[in-house]
Amino acid sequence: MKHRGYYGEFGGCYVPEILTSTIEQLDEAFCAARSDPAFWAEYVRIMGEYSCRPTPLTYAENLTRHFGGARIYIKREDLNHTGAHKANNVMGQGLLVRRMGKKRVIAETGAGQHGVATATMAARCGFSCTIYMGALDVMRQRPNVFWMERLGARVVAVNEGSRILKDAINEALRDWVTNMDDTHYVLGTACGPHPFPEMVAWFQSIIGREAREQIQRLTGSLPKRIYACVGGGSNACGIFLPFIDDDVELVGVEAGGRGVATGQHASRLSAPGAAVGVAQGYKTFFLQDGDGQMRETHSVAAGLDYVGVSPILADLHRQGRVRFESATDTEVVQALELTMRAEGLIPALESSHAFVQAFKEAPRMSPDESIIINQSGRGDKDIFTVADAFQDPAWRDFITDTARRYANA
Amino acid sequence: MLEHYLRERLREKGILLMTHIVLGYPDFETSMNIVASMVAAGVDMMELQIPFSEPIADGPVILHANQRSLAAGSSVRRCLDFGREAAARFPIPFLFMSYYNILYRFGVERFASVIKDSGLQGTIVPDLPPEEGAEYMQAMQKHGLNPIFIFSPASSEARLAYVASCARGFVYCVARKGVTGRETRFSDQMDAYLARCRRATNLPLAVGFGVKDRRDVDFLRGRADIAVIGSQTIRLVDEHGPGAVGDFIAGLR
């Protein structure tokens, strides 16, 4: 490897020796693809034909009027196939898998979005597919498990550790060290060992490249601020990086869960609870105890419920180039409700974190200024989780009745 | 010095045995009893694993032992104290094995200083390739400790040579792809791999991952210097209790 993927002090490639040659091969394939203009052109073409790209930049006129400050624009990653920005990364990696001649893909998934996206890619490209998912997430996200299995993937419920996303990543790594000859690990976010952070951020940069052109076309200038939620950090990297050299303030919003003071959250950069460490193949801020053991995390949005964060964002945080905030579960549900009522848009609970912070700041900005919120995914397909978050009584009755019907069948 | 000890010992025995336990599993008292019976049964060297919450190179047996030990409240400090006590009580070399975050959080230099002071010989850190290990190697060298690095069947000749250039004490040869504790076929292919390892270094070679019985140890005789028994003794303790360990070890060669 020419370099080991360091962003300041973060990143690197901390993998067991057995993976070294596989990672080198991946790095070479990625570098070759990136320097080949035809590869990006094919990627853009496929995303246009298969996944509604370019996704629109929607002017949120009602929300803008409601807050009476900055003009609010929403980047509609929810309109991707499978309902989230995850489609960008998996199709990109799918093209790379073809180039490498591998026949099997594996992936981790938390909320299930990345798993479903990977399963569609595998179906389309003719790869066999295994998805690792924490047993708790399997319970919470049954609809996504249903779709993965229908799409032909094998879903393995991981009963180790806290039985959530980080444990699914560990299990996917264990599969990879066993089967790397014919298997590619489609990591779902801009984390993990080099070259994954760089590669995932590169595929996701399609979001920001489009948004940069769209906002200038619509407003004649660049936005004042851009807001994105941050779990692993792939949608944030995707929309931020093409603006990195511009005079645009970039704001990442992490999961505040039940409040950072309660310890039940996943705020690694916006709160003091995390420390630099090395796990899952890379160095970044992890939520960990004094011994270096990873802590439990919590968010209403399963996709943000992760102990680590992209090394690219950790570095931008340290440089002060990206500002990090957090949004609590309660604030998130309120922002989602307002967005639905005002604009008829249904952001995912993950994406709604970005809306929370934008709504806090927009009223204090001038109508001459514009902001972009990255709506990284759609909420309507997560009806079970969203209905739960709203504690909707009619929905509860419906589920209870359905359960009774199944029980009596 | 570790390499010297191993060579002396090899003169008397055709092949050496290194065993692996997870500290605090099922509890620290039992861990010490296991060490005592392993030493009494003739084990030549031991690796003591400090449990970590994300042990990516370990298979189910060692993974569960890590989780159970942590759930029972074991701490890094307690593990270090255990190492000090074991090294003082028993006349064989001890190594710590753990993942890099444990050393990193403790402070790599401080970790090296503490284990030197405790009488241990070195460490095995499976998620730290030498390229990322400059600080670690410097600290180990400063304190006269052995950073044990790893060869794998997927490593090229150039890679084996590079890893060998960083290694001290001995080299740990992973027998196959995958994680610890699964079946390994000791075959002609393994023969060719171990011959490549032998050409790459003059240091003693340890072979681990899937070594589980006398037949496997016999296969390694003449091809390697140290057979590493990890998951199998943990399985044995799980199924038959710590008392079964001595006879098992004694029957391996």
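**Exercise 1. How many residues of chain A are in contact with how many residues of chain B, and what joins the two sides?**

Before starting, note that this is a predicted model, in which local features need pLDDT of at least 70, side-chain atom pairs count only at pLDDT 80 or more, and totals for chains, interfaces and linings use all residues. Residues are numbered from 1 along each chain as its sequence is written, chains are lettered from A and ligands numbered from 1 in the order in which they are written, and side-chain values use heavy atoms, with hydrogens and water left out.

Step 1. Taking contact to mean heavy atoms within 4.5 Å, 38 residues of chain A are in contact with 38 residues of chain B.

Step 2. The two chains bury about 3,100 Å² between them, 50% of it on carbon and sulfur atoms; buried area is the accessible area (1.4 Å probe) that two parts lose on being put together, summed over both.

Step 3. The rule finds five salt bridges across this interface, where a salt bridge is a side-chain nitrogen of Lys or Arg within 4 Å of a carboxyl oxygen of Asp or Glu. The side chains of Arg4(A) and Glu132(B) meet in a salt bridge, at 2.8 Å from N to O.

Step 4. On the side of chain A that touches chain B, the elements that give two or more residues are α1 (20-34), α8 (165-179) and β11 (275-279) of chain A; helices (H or I, at least four residues) and strands (E, at least two) are DSSP runs, numbered from the N terminus. The largest share of that side, eight residues, comes from α8(A).

**Exercise 2. Describe the largest pocket and the residues that line it.**

Step 1. On a 1 Å grid over the protein atoms alone, a cavity is a set of points where a 1.4 Å probe fits but cannot get out, while a pocket is an open set with protein on both sides within 12 Å along at least five of seven lines, and lining residues have an atom within 4 Å of a point. Grid points are joined across faces, edges and corners, and a volume is the space filled by probe spheres set on the points.

Step 2. The largest pocket has a volume of about 530 Å³. Of the 20 residues that line it, the closest to its centre are Arg140(A), Phe384(A), Thr385(A), Asp388(A) and Ala389(A).

Step 3. Both α14 (383-390) and α15 (393-408) of chain A supply at least two residues of this lining, and the largest share, five residues, comes from α14(A).

**Exercise 3. How many cavities of 30 Å³ or more does the structure hold, and what lines the largest?**

Step 1. The structure holds seven cavities of 30 Å³ or more, and about 360 Å³ of space lies in the largest cavity.

Step 2. This largest cavity is lined by 29 residues, of which the closest to its centre are His85(A), Lys86(A), Gly303(A), Leu304(A) and Glu350(A).

Step 3. Among the elements of chain A that give two or more residues to this lining are β5 (104-109), α5 (113-125) and α13 (349-361).

**Exercise 4. Locate two cis peptide bonds and a positive phi.**

Step 1. In chain A, the peptide bond from His194(A) to Pro195(A) is cis, with omega near 10 degrees, and Pro195(A) is found in the loop between β8 (183-185) and α9 (196-219).

Step 2. In chain B, the peptide bond from Tyr25(B) to Pro26(B) is cis, with omega near -5 degrees, and Pro26(B) lies in the loop between β1 (16-22) and α2 (28-40).

Step 3. Cys52(A), a residue other than glycine, has a positive phi, near 60 degrees, and lies in the loop between α2 (37-50) and β3 (57-59) of chain A.
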